[in-house]
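Subject: Structure for you to look at

Hi,

Here is the structure I promised to pass on. Please open it and keep it beside this email as you read.

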Amino acid sequence: EFMGSRLDPTILLTKRIFLYVDILNNTPSTDSKHKSDDIQFILSSATIPEPLMLLKKITGRDDNSRANNVSQSGSGNEIRVQASFTPLRELHSAIVLLIDLLADFIFTGLKIIVFVRGIQTIHQIIEQFSDRWEHILIERERMRMRKKSKANQSNTNNSNTLDPNDTLRGLFDWIPVKKNVEETRRNTFSRDKNNPPIRGYYASLPSAVKSSVLEEFATGSVRCLISSSALEAGVDISNIEIAITLSWPGSKLSFLQQIGRSGRCSPSMVFFMPLATNAIDCYFSLH
């Protein structure tokens with residue numbers, strides 16, 4: 001596609017830049033060495049499969065001996081475990097399940113990013129999670145007290161019985177235990193019931209709000225981001241252990257960018273939550 005008409009304005013602009021530089025430097029058109037030959041380019045793209053061919057077309061230079069193709073971002077690429085849910089009947093049931101998952105992940109000390117389609121869906125998830133946050137805090141405190149009581153009883157009876165309610169114990173055995181997990185859990189439990197550790201992110205948010213959200217996520221005071229495609233690329237965020245895609249994002253490239261947000265600094269899990277009402281979702285849930 002980049003060989004077509006979309007590239008023509010860029011090629012024309014480049015030729016004019018070359019011409020203006022030579023005119024300003026009084027370079028005769030008959031000279032074999034032009035001042036414009038010294039112009040350097042930095043071309044960046046996440047989607048072009050043949051960057052050197054693109055460079056040749058834009059600059060008109062046949063010799064790419066001076067070209068330096070940087071194909072690695074420098075970010076880590078740790079283990080990712082991918083899982084797909086059975087297609088869910090409707091968006092509402094998907095959001096209910098998602099909120100339960102997010103609560104488990106947050107209280108396990110993990111950082112999560114969820115990609116959805118549409119700002120309205122972002123607001124739905126944030127609103128429903130916020131409505132349930134006080135109830136979640138109460139239930140988690142009860143679970144903590146039950147586990148503490150069982151642990152004391154286990155020590156008394158010299159037993160090593162596992163808590164059947166600890167559903168994430170086996171799932172995350174393969175993730176290296178972080179030193180600050182317990183501290184993160186304590187901080188999560190002590191959070192204001194009116195300020196859940198979850199935020200929305202999309203392109204039309206004011207710049208100051210977007211910066212604040214990313215800063216909160218980086219410091220750990222926010223544990224989960226619900227995002228549109230705005231965070232697929234172009235924003236530096238790391239330490240994400242869980243990436244969730246709710247419904248197929250529209251292209252394989254978008255999906256790869258979304259799951260690529262996790263696993264940069266530590267092993268991670270990727271979840272795809274398809275909707276039964278979407279035929280494409282159903283297809284990719286099996287493939």
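Below are some notes on the whole protein, then on its sheet.

This is a predicted model, where local features need pLDDT of at least 70, side-chain atom pairs count only at pLDDT 80 or more, and totals for chains, interfaces and linings use all residues. Residues are numbered from 1 along each chain as its sequence is written, and side-chain values use heavy atoms, with hydrogens and water left out.

The protein has 9 helices and 6 strands. Both are DSSP runs, numbered from the N terminus: helices are H or I with at least four residues, strands are E with at least two. Of the 287 residues, 37% are buried (under 20% relative accessible area, 1.4 Å probe, protein chains only). The accessible surface (Shrake-Rupley method, 1.4 Å probe) is about 17,500 Å². Carbon and sulfur atoms account for 52% of that surface.

Now the sheet. It is open, and its 6 strands run in the order β1-β6-β5-β2-β4-β3. The pairing is parallel; two strands pair if DSSP finds at least two bridges between them. β1 (80–84) and β3 (198–201) each have a single partner strand, so one side of each has no neighbour in the sheet. The twist averages 15° from one strand to the next.

Ile 198 stands opposite Cys 224 in β4.

Best wishes

Technical notes. Buried means under 20% relative accessible area, exposed over 50%, partly exposed in between (1.4 Å probe, protein chains only). Axes are lines fitted to C-alpha atoms, for helices over the stretch in contact, and angles run from 0 to 180 degrees between N-to-C directions.
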